[in-house]
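I opened the notebook to log what I looked up.

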Protein chains: 2
Amino acid sequence: MRNVLLILSALLMLAGGLIAPANATTSAEAQTELPPLFRAEVKRAKQFVDGMIEQGVVVPVPKDPGGGYTHEQHKRNFRAIYQGGQLYRVTGDETYRNYVRDMLLAYADLYPTLGDHPAKANQNVGRLFWQVLNDAMWLVHAVQGYGEIRDTLTEAERTRIDGDVFRPAVKFLSVDSQRTFDRIHNHATWATAGVGMTGYLLGDQDMVDRALLGSDKSGKAGFLRQSELLFSPDGYYTEGPYYQRFALLPFVVFANAIEKNEPDRRIFEFRDGILSKALTTTIQLSYGGYFFPFNDAIRDKSLNTAELYEGVAIAYAQTRDPGLLAIAEFQDRTVLREEGLLLASDLAGGKAKPFDFRSMLLSDGPEGDAGAVAILRHGAGPKHTALVAKNSSQGMGHGHFDKLSWQYYDNGREIVRDYGAARFLNIVAKEGGRYLPENESWAKQSIAHNALVVNEKSHFDGNVKVADTFAPTQLYFSAKPELQISTASIDSAYRKQSVSMLRSLALLNVEGLDAPVAVDVFRARGKGDLQFDLPLHYSGHLMRVGFETQSNVAARPVLGDSNGYQHIWVDAVGQPDADNAFATWLLDGRFYTYRFVPNAGQEVILAESGANDPSFNLRRERIIIQRVQGVDSATFISILEPHGLYDGATEQTIESDSRIASLRYVTQGEYDLVIVETLTGEKTVLAISYDNDSGKAHRANVDGRQVTWTGYAGRIVLAGGGN
Amino acid sequence: MRNVLLILSALLMLAGGLIAPANATTSAEAQTELPPLFRAEVKRAKQFVDGMIEQGVVVPVPKDPGGGYTHEQHKRNFRAIYQGGQLYRVTGDETYRNYVRDMLLAYADLYPTLGDHPAKANQNVGRLFWQVLNDAMWLVHAVQGYGEIRDTLTEAERTRIDGDVFRPAVKFLSVDSQRTFDRIHNHATWATAGVGMTGYLLGDQDMVDRALLGSDKSGKAGFLRQSELLFSPDGYYTEGPYYQRFALLPFVVFANAIEKNEPDRRIFEFRDGILSKALTTTIQLSYGGYFFPFNDAIRDKSLNTAELYEGVAIAYAQTRDPGLLAIAEFQDRTVLREEGLLLASDLAGGKAKPFDFRSMLLSDGPEGDAGAVAILRHGAGPKHTALVAKNSSQGMGHGHFDKLSWQYYDNGREIVRDYGAARFLNIVAKEGGRYLPENESWAKQSIAHNALVVNEKSHFDGNVKVADTFAPTQLYFSAKPELQISTASIDSAYRKQSVSMLRSLALLNVEGLDAPVAVDVFRARGKGDLQFDLPLHYSGHLMRVGFETQSNVAARPVLGDSNGYQHIWVDAVGQPDADNAFATWLLDGRFYTYRFVPNAGQEVILAESGANDPSFNLRRERIIIQRVQGVDSATFISILEPHGLYDGATEQTIESDSRIASLRYVTQGEYDLVIVETLTGEKTVLAISYDNDSGKAHRANVDGRQVTWTGYAGRIVLAGGGN
Ligand SMILES: [Zn+2]
Ligand SMILES: [Zn+2]
């Protein structure tokens with residue numbers, strides 16, 4: 001233990017970060033006393049770097065595009081420079097220092113000879129790689145590895161590497177590629193991070209200033225401006241968590257270097273601590289370790305990802321939030337920097353506490369006024385309940401036409417689903433691992449979401465440019481224990497039909513039930529002769545459908561011919577009435593009943609994705625669609641009730657049927673009232689005034705009795721019929 | 001620890017088992033030193049029994065059928081008597097003794113007043129319950145609880161309980177219900193176990209003899225005869241593992257009592273140790289903790305089941321097999337008997353070793369000549385590979401028409417599936433939890449299995465009585481490391497068409513590949529104009545289909561109209577040729593390629609279960625069907641190749657496409673030769689002579705070269721084309 005503390009203090013004393021480490025003299029003996037997580041990381045890095053060393057220094061002339069040999073080799077090289085430097089610092093083994101030095105000297109031979117990469121695809125061409133982004137990633141990693149060995153080199157070696165690798169690389173990124181460098185975009189964040197960290201290492205303030213303030217040092221571009229514009233005030237990144245994770249890395253790594261070199265800048269306090277906030281927000285945007293699959297997300301992307309190892313360690317060093325230790329424990333990974341050692345030591349010291357996943361509203365847009373993501377959570381631990389209302393803006397090219405959509409998690413599983421991207425990453429048989437055609441024809445379409453669809457068209461008629469100019473309005477958010485609710489609206493998704501949408505999603509404690517129900521109050525108002533479809537994409541096996549259905553048993557038709565409808569098989573249709581408008585399914589030992597108040601003439605379609613899919617590109621997932629035709633407006637009132645238990649092992653089944661007797665909807669003036677009555681006669685009312693005056697009292701009548709509440713929304717329990 | 005040893009030796013000294021325990025004086029302090037697994041079990045039992053005590057002694061007059069109030073109450077009561085007695089022995093707390101005594105005195109009031117249960121459904125009527133089986137289960141549990149307290153009672157109490165509860169219960173089971181008692185059936189095992197254990201407790205040798213030898217003591221019935229006839233010599237129970245688990249409990253519990261009371265009988269050595277063997281065989285019939293879902297099995301039944309807690313503890317006490325400790329660790333449960341304490345102590349003492357899951361042939365039938373189940377395993381641990389060939393007999397009323405079917409597990413998952421039963425246990429909405437109509441129309445049918453179907457009819461034309469009179473013949477089994485193989489035949493499944501079926505299933509190490517491939521060599525020979533369908537039910541998402549298909553994209557037709565065919569949706573059909581007859585799917589990060597040698601004119605149907613299912617009773621699972629029409633015979637050669645890796649978290653994909661270049665089939669005389677060639681040119685041959693003479697040499701020609709092997713089957717590696 002004493003040795004660990006020695007190493008730790010030695011590393012902490014290197015407060016300059018990228019500036020000259022002292023001679024690392026950590027013995028092998030001391031390494032066995034490293035905290036387990038850090039020790040495992042040393043072992044993993046050794047395995048990789050030792051393998052690279054075995055192959056010798058291989059620095060090929062750039063030739064291939066992404067995925068090709070020279071591309072992959074230069075990627076391997078920057079990882080090896082980065083980890084080799086770190087290994088030298090941790091182990092003191094000169095093999096690593098010499099390898100990193102020799103590698104960089106080889107780059108010093110190569111770099112000055114390079115022009116535009118031959119696999120240039122557009123004007124964002126790189127030198128080592130086909131696009132400038134990869135060159136920036138190279139620099140971010142290489143400069144960190146170089147920082148670990150630079151002070152041990154001879155003057156001649158330093159001069160060569162500074163002058164023939166890092167200075168020209170900085171010039172290439174910040175001068176020759178000024179257009180990219182000065183964008184407000186995550187590609188530019190990589191570039192500014194690489195340039196800025198090089199500036200610190202070489203003691204070149206001009207580089208640092210350009211990185212922080214843009215190439216003209218005006219502050220209109222550069223890292224600080226990016227930090228202002230790319231995240232919302234709540235640390236939300238408009239493309240969604242899958243991309244947020246990727247964008248985060250250069251932010252935290254460069255911020256960490258700024259903090260060490262210019263502590264007076266108080267970079268981690270910049271904009272109310274936006275950089276740490278962006279990291280914790282990324283984690284909040286997950287359930288069961290997986291990111292909410294907004295937009296073109298790959299669904300199996302979890303917190304267990306390289307970008308977050310860096311982010312968690314650096315943020316932990318700043319905040320000492322013990323919840324971050326729990327995340328590191330889940331990841332079972334860390335990084336070979338002093339922050340990783342600190343984290344691993346505190347984790348081994350038993351300081352971890354569960355990460356504080358909680359209900360929150362995350363505004364979207366740099367000013368926080370471009371919609372929001374509302375997260376409502378109930379309970380704690382891996383089986384807690386989470387309702388996510390996606391009221392954020394389109395999020396650019398990877399965005400989906402999913403305005404006011406939602407998801408619902410419970411019992412460790414995704415119950416109300418979001419499809420994510422139609423893509424099998426890196427799988428050759430699936431279009432070489434690129435986005436599949438079905439990403440456009442299905443995954444992005446509105447009907448593929450838990451969103452309202454008018455006249456079988458997607459929001460904004462599927463036009464991204466239009467979509468990017470509008471955003472929903474978050475009208476209200478409250479996370480009080482017995483009633484958590486979010487309300488949002490948008491009136492631009494179907495401008496031709498003048499449709500305004502107003503949706504409230506809530507977790508409501510229903511008297512007599514042991515878990516809250518999700519409530520969905522959706523008002524759609526438009527003009528003309530419209531069709532409204534409100535789909536629910538769910539996971540589970542249908543146990544009971546309350547209403548009669550006409551089933552397509554002998555041949556299964558397709559629901560429509562475009563905008564995603566061509567991908568939906570119709571299993572059955574029905575016309576429920578108020579008494580039987582529900583369906584119950586089972587997933588992983590828990591039952592869920594979706595119940596709704598049918599509109600006059602409403603039809604319900606039981607369906608499945610996967611039609612018109614000759615290449616078997618789509619997952620086959622269940623859908624319930626509430627459909628109303630020939631009206632200008634409709635209100636959809638629905639609840640989702642989790643109940644009971646099915647345990648095949650003990651052959652025990654409890655409450656496999658819903659415990660709710662009825663769901664009713666009453667509208668009085670501007671008020672909406674939803675009444676949930678249990679089988680045992682308890683009545684719980686969700687009342688919405690839509691009035692943001694939090695002190696204002698409201699009253700309405702339900703079943704001949706007066707109910708009162710204060711503010712935007714209230715929960716009222718009526719005495720049971722039996723009382 | 002000293003206290004634990006004291007308790008342990010005290011318990012072990014109660015070698016008489018059901019005979020008079022000494023005064024238990026274990027202190028609360030000592031309990032905290034119990035090994036964790038046992039301590040948790042004490043806590044769990046206390047929670048249950050304390051709750052029962054709180055409600056007082058409730059012994060209602062029998063009235064309701066299964067599931068009704070009086071039924072459930074008498075079930076709770078026997079559990080409380082059983083566990084109450086055990087708790088008294090472990091804790092010495094008289095509360096438990098008094099409660100068990102009072103409960104039994106209440107039964108002494110009730111029992112003599114009872115006649116046939118009013119909810120009598122057939123001639124197997126019980127007294128306390130609607131069927132005699134439940135009365136037998138009551139006795140098996142109650143007599144064990146009674147045994148723990150009987151010596152502490154007054155003479156008067158003992159006389160009342162002996163005379164008014166246990167003696168009449170024994171008379172009811174063994175005399176009044178003699179027809180059930182003398183059957184060779186697991187219901188009779190429960191009855192003989194209850195009667196025999198009562199005999200030991202009351203010192204009544206007449207009861208014991210009737211239990212062991214049948215009511216006429218001739219040995220034609222009774223427990224010993226059941227032990228001979230209900231299990232095969234390898235400990236396989238013909239109904240399959242799901243039922244084996246249930247049947248096992250009275251066998252091991254009664255055997256344990258016999259061992260303690262009449263050790264000279266050496267009951268655990270009876271029939272070559274059949275009772276311990278039946279227990280370990282039950283465990284061998286599982287993968288990933290779940291039983292192979294043969295016949296009407298509920299698929300989510302795992303090793304974590306009450307019957308096996310008793311079985312594992314008792315078998316461990318007999319065999320000290322450290323693998324059983326690993327099973328107990330998986331179960332995280334044990335039982336409150338001395339064997340449970342021994343097991344928990346040894347587990348806490350770190351004596352567990354992984355259970356030895358291995359390749360084995362399990363004969364079926366009392367003489368071991370009614371077919372068999374062959375299990376081929378490769379590797380170890382939760383991700384090992386297992387191929388299961390179900391060549392067993394029909395297995396009575398719960399049997400499926402699945403002759404020569406197979407399953408395949410890999411990477412912790414079931415890849416080639418068996419549907420199991422169409423039933424949602426105890427779920428009211430699904431026919432009250434009973435077998436669904438689809439159990440007959442789908443789950444039992446041949447097309448719902450990985451079995452050959454002739455002319456769209458099920459084996460034995462779906463007639464159970466006929467099916468029960470025939471069984472497959474297991475021709476060969478070998479589990480040598482580089483080639484594990486099982487061959488079986490049956491010629492009675494389609495007698496009208498004179499179809500003989502001969503199937504070999506193997507795990508073959510293919511030169512150049514890192515995991516063995518499953519090989520399926522299926523010869524079908526019949527008469528007339530026949531259609532052969534060979535379905536493969538698999539789990540996963542199709543990545544690549546090698547051949548052109550005609551897809552049903554706009555409406556999805558049904559494959560047929562009866563014998564299960566009405567439940568199959570047709571996605572696409574194709575006519576592969578030798579070069580492209582394969583399909584690759586992805587499941588849980590691993591790729592699988594099913595590749596076959598197409599017969600002339602062969603069609604392939606890509607399909608899914610779930611058609612004609614208006615109540616959504618069926619799971620929707622993928623099927624590939626190889627179809628040949630208008631022939632009298634066909635040979636199907638297929639392989640299943642696991643390959644590669646897909647890791648969404650690290651965005652890493654390796655070998656997503658098959659590494660096999662070709663699959664060929666050569667027949668020479670009686671020999672079958674299957675040649676697998678990899679992309680790198682390595683050729684591996686599976687050669688089958690069908691000749692059981694293990695010393696005989698065989699030779700054949702492949703690609704102009706001579707190959708030789710010895711015995712029934714051989715693996716030959718040919719030098720690659722590049723050599
Ligand atoms: Zn989406
Ligand atoms: Zn079956």
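**Conventions.** I am working with a predicted model, where local features need pLDDT of at least 70, side-chain atom pairs count only at pLDDT 80 or more, and totals for chains, interfaces and linings use all residues. Residues are numbered from 1 along each chain as its sequence is written, chains are lettered from A and ligands numbered from 1 in the order written, and side-chain values use heavy atoms, with hydrogens and water left out.

**Zinc site.** I looked up the donors of the zinc ion (ligand 1) and found A:H400 (ND1) and A:H449 (NE2), at 2.1 to 2.2 Å. Donors are N, O and S atoms within 2.8 Å of the metal (3.2 Å for Na, K and Ca); water is not among the atoms, so sites may look incomplete. A:H400 sits in the loop between β5 and β6 of chain A, and A:H449 in the loop between α17 and β8 of chain A, so the pair ties together parts 49 residues apart in sequence. Helices (H or I, at least four residues) and strands (E, at least two) are DSSP runs, numbered from the N terminus.

**Strand β17(A).** Six of the six residues in 582-587 are buried, so the strand is largely enclosed by the rest of the structure. I checked both faces: A:F582, A:T584 and A:L586 cover one side, A:A583, A:W585 and A:L587 the other. β13(A) joins β17(A) antiparallel through four bridges; pairing takes at least two DSSP bridges. A:V545 partners A:A583. β18(A) pairs antiparallel with β17(A) over six bridges. In that hairpin, with two residues between the strands, A:D588 has a positive phi near 50°.

**Helices α6(B) and α7(B).** Their axes come within 10 Å and cross at roughly 150°. Axes are lines fitted to C-alpha atoms, for helices over the stretch in contact, with angles from 0 to 180 degrees between N-to-C directions. Among the meeting residues are B:W138 and B:L139 in α6(B), and B:F166 and B:V170 in α7(B); contact means heavy atoms within 4.5 Å.

**Sheet in chain B.** I traced an open antiparallel sheet of four strands, ordered β23-β24-β25-β28. β23 and β28 stand at the edges with a single partner strand each, so one side of each is left without a neighbour in the sheet. The twist averages 15° from one strand to the next. β23(B) pairs with β24(B) over eight bridges.

Key:
Buried means under 20% relative accessible area, exposed over 50%, partly exposed in between (1.4 Å probe, protein chains only).
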